[in-house]
Amino acid sequence: MKRFGIVLIAVVSAFLFSSCGYNKMVEMDEQVTSQWAQVENVYQRRADLIPNLVNTVKGYAAHEQETLEGVIEARSKATSVNIDANKLTPETLKQFTQAQDGLSSALSRLMVVVERYPDLKANQNFLDLQAQLEGTENRITQERKKFNETTQAYNAYIRKFPQVIYSGWFGFDKKTYFEAQQGAEKAPEVQF
Amino acid sequence: MKKILITLLAIFSLTAVLNAQIPERPNPPRLVNDFAGVLSKNEFSNLEETLESFARQTSTQIVVVTVADFDGQDKAEYAFDLGEKWGVGQKGKDNGIVVLLKPKTGNSRGEVFVASGYGLEGVLPDAIINRDVVDNEMIPRFKQNDYYGGLAAGLDVIMSITRGEYTAEQYKEKVETGGAAGIPFVFIIFILMFVLFGRRRRGRFYSPGKNLPFWLALGMMSGSHRSSGSFGNFSSGGGGFGGFGGGSFGGGGAGGSW
């Protein structure tokens with residue numbers, strides 16, 4: 001009789017695990033991880049474009065050494081910060097975004113400089129690179145947005161009843177989001 | 001009193017603006033959606049027919065959308081959001097394309113953006129879209145107010161490049177394997193109590209013969225209602241291409257303005 005009871009409890013707890021969202025939490029956790037990989041991917045894609053871009057610009061605007069070096073430096077800084085999806089905390093994420101934002105602003109400085117070189121702007125190779133870079137920025141926006149969406153879904157799920165009771169037991173903690181770029185809420189100033 | 005009314009009105013109009021960003025998915029599904037009204041009836045049906053037959057042959061869905069303005073959004077973001085919301089392309093293949101056009105009106109610039117789904121980023125890189133489609137084919141014609149000509153020429157290029165990438169095979173919707181995920185927590189607790197406390201009085205109230213159907217019934221209840229409400233399932237809706245399939249966009253594409 002006692003054995004029957006144990007078996008019954010085992011069966012019921014198996015049901016508990018599968019039915020009360022444990023599996024779902026694992027699944028969603030995994031989704032956040034893979035979405036983070038996507039985010040790192042698109043940032044990597046941008047980093048990969050840069051050497052080519054810098055070389056093309058160098059051919060036309062060799063004496064913009066300072067700006068070009070700034071880009072290279074920001075790139076190496078940005079690629080050195082890689083975060084494992086399980087170690088995403090507000091601090092590490094901030095570190096990551098800061099490094100990447102540094103690269104973004106170095107790149108936009110470069111793009112301003114480029115405006116002074118009409119020959120360069122007519123170069124097909126440069127135009128292609130520019131289109132790729134723009135596309136990559138779009139991809140970054142898009143993947144970051146998706147990351148926030150998956151994280152939001154996960155965070156909401158683990159805090160809903162009844163998961164909220166036991167999500168902590170299994171180590172499903174709230175995950176961190178991307179925040180808007182610092183100063184992004186201010187419209188850029190245009191000076192002539 | 002008047003102040004309150006005005007505030008209320010302001011709030012309502014604000015929420016209306018926020019909701020009005022991306023147009024709803026057309027029903028019945030259409031591939032050409034001329035919200036800005038730049039195409040004549042003939043031009044519209046020509047484009048629609050071409051794109052529908054292309055979608056049937058290759059399963060790649062190309063959607064053309066013209067709008068009067070982007071509601072303050074960036075054109076690229078608008079195109080991706082629309083593609084995601086409508087589910088352009090097949091799920092899993094993500095072979096959708098959104099061609100978004102805002103005609104030049106008054107002193108605001110005309111803008112165009114071609115967004116490619118994840119699955120087409122390989123054959124249709126941003127640089128190709130930018131050069132061969134937007135800069136070479138579309139914008140020169142758009143500049144002369146030939147919207148149909150620009151769209152048709154651009155679409156020709158897109159179709160000739162992407163034709164080989166996917167072929168139309170019967171696309172089966174994968175049904176999620178849900179398992180027993182449907183049983184609510186409270187139910188389980190109830191059953192636990194039922195089993196633990198009920199056992200003592202087994203002789204009087206329960207017999208295994210009666211219990212078994214109860215479990216069975218529960219199992220049946222839990223496994224049944226799990227279906228994905230995808231748009232791609234109905235083909236009788238009038239769209240000659242079988243409806244949108246739930247494709248996803250990752251930010252590929254390029255655009256321009258004139």
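Guide: From the N terminus on, the elements of chain A run α-α-α-α-α-α-α. Please note that this is a predicted model.

Visitor: How many helices and strands does the secondary structure of chain A come to?

Guide: Chain A has seven helices and zero strands. Of its 192 residues, 40% count as buried. The accessible surface of chain A is about 11300 Å², and carbon and sulfur atoms account for 54% of that area.

Visitor: Why is Ile165(A) called partly exposed?

Guide: The relative accessible area of Ile165(A) is 39%. Buried requires under 20% and exposed requires over 50%, with partly exposed in between; therefore Ile165(A) is called partly exposed. This residue lies in helix H7 of chain A, which covers residues 163-166.

Visitor: Which residues make the nonpolar surface patch of about 550 Å²?

Guide: The patch is made by Phe161(A), Val164(A), Ile165(A), Trp169(A) and Phe170(A).

Visitor: What makes Tyr147(B) and Trp258(B) an aromatic pair, and why is the pair called tilted?

Guide: A search of the whole structure finds 16 aromatic pairs over all chains. In the pair of Tyr147(B) and Trp258(B), the rings are 6.4 Å apart, centre to centre, with 50° between the planes. Ring centres must lie within 6.5 Å, and planes under 30 degrees apart count as stacked, over 60 as edge-to-face and the rest as tilted. The two rings therefore pair, and their angle makes the pair tilted.

Visitor: How do you know that this pair links distant parts of the chain?

Guide: Tyr147(B) is in helix H5 of chain B, whereas Trp258(B) is in the segment after strand S5 (252-257), and the two are 111 residues apart. Both Tyr147(B) and Trp258(B) are buried.

Visitor: Which residues of the largest nonpolar core touch the most other members?

Guide: That core has 50 residues, and those with the most contacts to other members are Ile62(B), Val99(B), Val114(B), Met138(B), Leu151(B), Leu155(B) and Ile158(B). Among the elements of chain B that each supply at least two residues are strand S4 (111-116), helix H4 (126-143) and helix H5 (147-162).

Visitor: What does Val114(B) touch?

Guide: Not counting residues up to four places away in sequence, Val114(B) touches residues including Val99(B), Ile129(B), Met138(B), Ile158(B) and Gly253(B).

Note on methods
Residues are numbered from 1 along each chain as its sequence is written. Chains are lettered from A and ligands numbered from 1 in the order in which they are written. This is a predicted model: local features need pLDDT of at least 70, side-chain atom pairs count only at pLDDT 80 or more; totals for chains, interfaces and linings use all residues. Side-chain values use heavy atoms; hydrogens and water are left out. A nonpolar core is a set of buried Ala, Val, Leu, Ile, Met, Phe, Trp, Tyr and Cys residues joined through side-chain atoms within 4.5 Å. Buried means under 20% relative accessible area, exposed over 50%, partly exposed in between (1.4 Å probe, protein chains only). Helices (H or I, at least four residues) and strands (E, at least two) are DSSP runs, numbered from the N terminus. Contact means heavy atoms within 4.5 Å. Patches are made of residues with over 30% relative accessible area and no salt bridge: like charges are joined within 9 Å, nonpolar side chains (Val, Leu, Ile, Met, Phe, Trp, Tyr) within 5 Å. Accessible areas come from the Shrake-Rupley method with a 1.4 Å probe; for residues, only the protein chains shown count as cover. A salt bridge is a side-chain nitrogen of Lys or Arg within 4 Å of a carboxyl oxygen of Asp or Glu. Rings of Phe, Tyr and Trp (its six-membered ring) pair if their centres lie within 6.5 Å; planes under 30 degrees apart count as stacked, over 60 as edge-to-face and the rest as tilted.
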